[in-house]
Amino acid sequence: MSQTPPVGIVMGSTSDWPTMKEAADILSELGVAHEARIVSAHRTPDRLWSYGREAVGRGIQVIIAGAGGAAHLPGMMASKTRLPVIGVPVQTKALSGVDSLYSIVQMPRGYPVATMAIGAAGAANAGLMAAGILALSDPALAERLDAWRTALSDSIPETPD
Ligand code: RP5
């Protein structure tokens, strides 16, 4: 039996982890197994190629890819696998993550990346998006995701004080 989790979280650098951990934490909360790997489009291109080429065969079902600056990782990953790729633009010091966003969002026709918001909220939403995709064929996960959404909604006060 394969030990491969359904979700692969990849990121360009260890410096992306504080952001990308938001996706991992949400997946853990929802009981979705995942792995996290440093896979840089520029510094470890061979690792990127292998991960993308082997993902389907290994049993990965959704890939969350986060990077900052010249953020080529999500798009290159999408070019190597037909799996859904969810892109997270990591916030940068120089351009606040607008560079990351633009690098990820404008994919050419044929190679989609589902691009989230810049930073931590985008990473958390990537985890939720991955869970939503898996919940389409996993009723128990669908129930957990519905409960998570209800709890969030219930936590919002009606008044500001
Ligand atoms: C990108 O460059 C990474 O995704 C990271 O967001 C950014 C900076 O990387 P480090 O210089 O912190 O390793 O490749």
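Two residues are in contact if their C-beta atoms, placed from the backbone, lie within 7 Å. The structure discussed here is a predicted model, in which local features need pLDDT of at least 70 and side-chain atom pairs count only at pLDDT 80 or more, while totals for chains, interfaces and linings use all residues. Residues are numbered from 1 along each chain as its sequence is written.

Strands (E, at least two residues) and helices (H or I, at least four) are DSSP runs numbered from the N terminus, and two strands pair if DSSP finds at least two bridges between them.

On to β4: strand β3 (residues 62-68) pairs with strand β4 (residues 85-90) in the parallel sense over 6 bridges. Ile64 stands opposite Ile86 in β4, and the bridge partner of Ala67 in that strand is Pro89.

Burial is judged by counting other C-beta atoms, placed from the backbone, within 10 Å of a residue's own: 20 or more make it buried, 12 or fewer exposed, and values in between partly exposed. By this criterion 7 of the 7 residues of β3 are buried. In a regular strand the side chains alternate between the two faces of the sheet. In β3 both faces are covered, with Val62, Ile64, Gly66 and Gly68 buried on one side and Ile63, Ala65 and Ala67 buried on the other. Helix α3 (residues 73-80) is largely enclosed by the rest of the structure, because 6 of its 8 residues are buried. The buried residues of α3 are Leu73, Pro74, Gly75, Met76, Met77 and Ala78, and what covers them includes β1, α2, β3, β4 and α4.

The ligand is surrounded by Gly12, Ser13, Ser15, Asp16, Ser40, Ala67, Gly68, Gly69 and Val90, where a residue is near a molecule if its C-beta atom, placed from the backbone, lies within 6 Å of it. This shell divides into 2 nonpolar, 6 polar and 1 charged residues; Ala, Val, Leu, Ile, Met, Phe, Trp, Tyr, Cys and Pro count as nonpolar, Asp, Glu, Lys and Arg as charged, and the others, Gly among them, as polar.

The UniProt annotation "binding site", from an unreviewed entry, covers Ser13, Asp16 and Arg43. Although spread over 31 residues of sequence, these positions cluster in space, the largest C-alpha distance being 14.2 Å. UniProt positions follow the numbering used here, feature names are shortened, and annotations may be inferred rather than shown by experiment. Ser13 lies in the loop between β1 (7-11) and α1 (17-29). Ser13 is partly exposed, with 18 other C-beta atoms within 10 Å, and touches Ile38 and Ser40, not counting residues up to four places away in sequence. Arg43 lies in the loop between β2 (34-38) and α2 (45-58), and counts as exposed because it has 11 C-beta neighbours inside 10 Å.
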